[in-house]
Every structure is written in structure tokens, then in C-alpha cells.
Amino acid sequence: MLLVLVTSLIGSTIVACGAPAAPSIPGFAAADLGPGGLVNYPGPARIWTDRNPRDPRTPAIRRAIADHPAALWLTGNTDADVNHLRTAAQIADRTNGTIQLVLYNLPGRNDAIAPPNRAVVAAGYRSWVNRISAELGNRRAIVVVEPDALWFVDRQYKRDPRGRTERLDLIKYVTDRLSHQNRTRVYIEAGTSSGSVTPKRMAELLAAAGASADVGFAVNVSSFGPPTQIENYAQGIRNALRTSHRIANPRYLVDTSRNGNPRWDYTWCNPAGRQIGSLPRVVGGASGRDYNLWVKGPGDSDGPCGTAPFSVGGQFLPDVAAGMIARSGGR
């Protein structure tokens, strides 16, 4: 599951989401996104449409993808991360909206295509988290913590229990730091429904990494699991957290940006024939699902693989995006 995202971003726009009755959860309620809704800090699709106004694909891509809010990824370049976050914070302050963030900088991170992230050590990672936390302050925010970190932990550290413990402790450090900022909702990334990690095992990892009544989990981040399959996976995790780890009401969110297909062949890296999934919105209610979000935007490359073997992770692929729009009925 390759999750690298280009973070060269410009401009701003705001998209508000609907707000059904909020579930009873700590922190700010799921429906309380503020009058500005989700901050749509422009990512690769918006940048591409702004730079290519005369391209015949631009109107459809702008309408179907670029005008919808997607997450801002912070990937370890501290100066760039802080600058992007400050801009997002200025937008949120001006509009009273909610920032969407992904933290993706864990030591030893492995995304199955790039080599493990060896440049970051534990002390440096904690300092980076502290800086991001300070910049975020008490603003409304939804934060997805470290894609791939739990998904690969057993494989990466099969013969290294000390490394596994450090991985879990660092995630817990993030969740503890951010969840105490009472307008930040934190979700630990929990993989997808391919079967590589069972819901029971993922629940064990989540509990060890800080999942609680205050800290939820995120499924299908940057992946393609069909809606029914993803819901079953999320509910399996939720049931295990309740029954085995005594978390009364586990909450979760789903990345629905690229999971519009009813079936999946488990190809995860720029697969052909994909459709756009559900638009970002508040869900809420008894199921435990707080949001459908676009954590990684439709048309963003997963790396040099699949239908885009010469691309880089996070590069916007207009032909891929146009194909997804067409297969999704033009929306």
C-alpha cells in the first residue's frame, strides 16, 4: 500500500459537509466541523487544474475531484510541513473550519515499494510531532496517524520485538500528544480488507498503539477496498476492540476516495479500471463510522507501478483521473 503524497500545494478553498446528529464521543463531535466544513487545502488535482485551465479534461476534473476536500499530508520535511500547516490553519481560522491531516514520517516506515524510512530516529520523530502539535494548537482537526505503520509492523519486526515495541510506542506518543488537544480527533491507520492482517490482530495492534474512547481508527487509506468489504473489516475491528479490549464505543473513518468498484482483485498500486467512491461527508450514528473522507485524492499516483510505471508517488495523473470520472458516471 504505497502512500507517499506530493506536498507542494497552493491556494485554498472551503467545502462544507452535511451534519447529521453527532455520535456521543469525546472531543469535538463528528458533526461539529465548524461553519466552514472541511478545509480543502489544494492537493495535486487542484494544482493541476489551476495550471492547465485550457485542457479539455480540466472542467470535469475540477468538478469531480479538485473541488472536494482532501487531506494534507505531512511527510517529515519540517519547514515545508510547518508552512503548509500554517496556511491550512489560516484558512481554518478565517472560515471556522476543520483541518484534515495525515502524519506520515515514522522511523523505519515501509510502504512495500520504497525502502524503509531510515533517516528518521525516534527522538527526531517525537520532536517533529511536538512541532506539528504546537502549530496545530486547539484548532478543529481530523488527524490520520501513520499509514502502513501497523499494517507492516509484524512483517517488518517479526524477529525484532524491540523494533516492534518502539513502533507501537511512537504511535502511542502521537495519539497521546494530539488527543489531548480537545478539538483534534485522532484516528490510527488500520489498513484495508485484503486479508493481510485480520481484524482481530489489527485490533490488538490498535489497542497497543493507543486506540481508546478518544482515539479511533482509519481504514482503506489510499486503498481500493469495496464499500461492503471495508465495512465488514471495520466492524470486525470494532467488535474486537469492544469485546477483547474493553473499548465501549470505538470510532472509525473510511477513505472512500477510490473505492467505488463493487469488487476488488487486491491490486493496490495504480490499478486499472478504478471508480471514485463516496464524497467526503459526516456519517455518525450507531455504526461507529464518523466520516467518509478523501484521505488520498482520486487520480494521485501510488508510485512507479501499475498503470503509471513512470510516475512518482503523489503525482497527479489526469488520464487516470478522467477515466475514474467517466467510470463513475461523470461525478
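Is Cys269 buried or exposed? Cys269 turns out to be buried, at a relative accessible area of 9%; here buried is under 20% relative accessible area, exposed is over 50%, and partly exposed is in between, with a 1.4 Å probe and protein chains only. The model is a predicted one, in which local features need pLDDT of at least 70 and side-chain atom pairs count only at pLDDT 80 or more, while totals for chains, interfaces and linings use all residues. Residues are numbered from 1 along each chain as its sequence is written, and side-chain values use heavy atoms, with hydrogens and water left out.

Cys269 has a partner: a disulfide joins it to Cys305, with an S to S distance of 1.7 Å. A disulfide is taken as a pair of cysteine sulfur atoms within 2.5 Å, and by that rule the count is one. The link connects distant parts of the chain, 36 residues apart, with Cys269 in the loop between β8 (252-255) and β9 (281-282) and Cys305 in the loop between β10 (289-293) and α9 (318-327). Helices (H or I, at least four residues) and strands (E, at least two) are DSSP runs, numbered from the N terminus. Cys305 is buried too, at 11% relative accessible area. The torsion about the S-S bond is about -65°, so the disulfide is left-handed.

Then there are the charged pairs. Side chains of opposite charge can pair when their charged atoms come close. With a salt bridge defined as a side-chain nitrogen of Lys or Arg within 4 Å of a carboxyl oxygen of Asp or Glu, the structure holds 15 of them.

One of these brings together Asp319 and Arg57, at 2.5 Å from N to O. Asp319 sits in helix α9 and Arg57 in the loop between α1 (44-51) and α2 (58-66), so this pair ties together parts 262 residues apart in sequence. Asp319 is exposed, at 57% relative accessibility, whereas Arg57 is partly exposed at 26%.

Asp302 and Arg258 make another salt bridge, their closest N and O atoms being 2.9 Å apart. Asp302 is in the loop between β10 and α9 and Arg258 in the loop between β8 and β9, so parts 44 residues apart in sequence are tied together. Both Asp302 and Arg258 are buried.

Arg131 is partly exposed at 35% relative accessibility, while Glu135 is buried at 17%. Finally, Asp154, Arg164, Arg201 and Glu204 are joined in a salt-bridge network.
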